[in-house]
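Hi there,

Here is the structure I promised to pass on to you. Have a look at it first, and then read my notes below.

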Amino acid sequence: MPRLFIALEVPRNVAMSLSLLRGGIPGARWIDVENYHITLRFIGDIDGRTADEIVDRLDRIDRPEFQLKLTGIGSFGSKKPHSIFAGVSPSPELHALQGETERICQRIGLAPDPRKFTPHVTLARLKHCRLDEVVHYLSGRGNFHTAPFLVPRFVLMSSKESCGGGPYLTEEIFPLRELSYGYAQDEMETAEHRF
C-alpha cells in the first residue's frame, strides 16, 4: 500500500509564483511544481480496509469552501535546516478542517500526529546545505505572498516511500460545500427592481 496523506492542492497560478523561488541554495533538492501541496494529515502506510474506512469518513465531511493565501518563506530545522517552505496565512477554516481530519484518523485507530500543525508548502529539501546560504536565501525573500485563492476541495494523496517530494498521486477527491458569494448582491438587485 502506498503512503497516504490528506492535503490541499495548490492552484496552478500560485504554483507558478512559488516556482520563481527555486534556486539560490547549492545542494537543495527543489520540489517539482506539480507536487506542491499543503498537508493536512500524514497517514502513512496502512492496509486497504483502513484506507477504505478513511475514505468513507472523509467523504462525510461537510464544510464550506474557503480562501487561503501564502505568506512568507521559512525553513524547518533551525541550526541544521532540512527544508524550505512557503507559509500559509492564519485561517480558522483551514484549522477546523485539519482538526476534523485529525479526529477522524484517531477515531479509526491511528496514533495522534505528534507534530503541531504548521500549514506550509514545502519548496525544497536540504541535505548538506550551509546555514549561511540558507539564511541569505531567506533574507531576500521574506516579503513573499500570493493573492488569496479558493480552496474548493481537499484530497487523499499517495507517495512512494523512496521519493520524498513526489511524485504524488491523487487517490480521492472530497469537494467542499460551495458558497454563494454573489447572494447579497443578487438580493440587492432584486430589491432595486421592485421599486
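Cys129 is buried, with a relative accessible area of 15%; buried means under 20% relative accessible area, exposed over 50%, and partly exposed in between, using a 1.4 Å probe and protein chains only. Cys105 also counts as buried, at 0% relative accessibility. In case you wonder how many disulfides there are, the count comes to zero, where a disulfide is a pair of cysteine sulfur atoms within 2.5 Å.

Before going on, two notes on how to read the values. This is a predicted model, in which local features need pLDDT of at least 70 and side-chain atom pairs count only at pLDDT 80 or more, while totals for chains, interfaces and linings use all residues. Residues are numbered from 1 along each chain as its sequence is written, and side-chain values use heavy atoms, with hydrogens and water left out.

**The sheet**

Helices (H or I, at least four residues) and strands (E, at least two) are DSSP runs, numbered from the N terminus. Two strands pair if DSSP finds at least two bridges between them. Four strands make up an open sheet with antiparallel pairing, in the order 3-1-9-10. Strand 3 (37-45) and strand 10 (168-175) are at the edges with a single partner strand each, so one side of each is left without a neighbour in the sheet. From one strand to the next, the twist averages 25°. Angles run from 0 to 180 degrees between N-to-C directions, and axes are lines fitted to C-alpha atoms, for helices over the stretch in contact.

Strand 1 (residues 3-9) runs antiparallel to strand 3 and is joined to strand 3 by seven bridges. Within this pairing, Phe5 stands opposite Phe42 in strand 3.

**The helices on the sheet**

Contact here means heavy atoms within 4.5 Å. Helix 2 (residues 48-58) lies across strand 1, strand 3, strand 9 (153-159) and strand 10, and runs at about 35° to strand 10. Helix 3 (residues 92-107) lies across strand 1, strand 3 and strand 9, at about 5° to strand 3.

Helix 3 has 16 residues and spans 22 Å from its first C-alpha to its last, close to the 22 Å expected at 1.5 Å a residue; the expected span is 1.5 Å times one less than the number of residues. Among the buried residues of helix 3 are Leu94, Leu97, Ile104 and Cys105. The buried residues of this helix pack against strand 1, strand 3, helix 2, strand 4 (66-68), strand 6 and strand 9. After helix 3 comes Gly109, with a positive phi near 105°.

Ser91 sits in the loop between strand 6 and helix 3 and counts as buried at 4% relative accessibility. Setting aside neighbours within four places in sequence, Ser91 is in contact with Phe66, Gln67 and Leu68.

**A hairpin**

Strand 5 (residues 70-76) and strand 6 (residues 83-88) run antiparallel and are joined by five bridges. Gly74 has Phe85 in strand 6 as its bridge partner. The two strands form a hairpin with six residues between them, and Gly77 in the turn has a positive phi of about 95°.

**Aromatic pairs**

Which rings come together? Rings of Phe, Tyr and Trp (its six-membered ring) pair if their centres lie within 6.5 Å; planes under 30 degrees apart count as stacked, over 60 as edge-to-face and the rest as tilted. The count comes to four aromatic pairs. In one of them, the ring centres of Phe5 and Tyr168 are 5.2 Å apart and the planes are at 80°, so the pair is edge-to-face. Phe5 belongs to strand 1 and Tyr168 to strand 10, so this pair ties together parts that are 163 residues apart in sequence. Phe5 is buried at 3% relative accessible area, and Tyr168 counts as buried at 15%.

Trp30 and Tyr137 form a tilted pair, 5.7 Å centre to centre with 50° between the planes. Trp30 lies in strand 2 (residues 29-30) and Tyr137 in helix 4 (residues 131-139), so the pair ties together parts that are 107 residues apart in sequence. Trp30 is buried, with a relative accessible area of 16%, and Tyr137 counts as buried at 1%.

Best wishes
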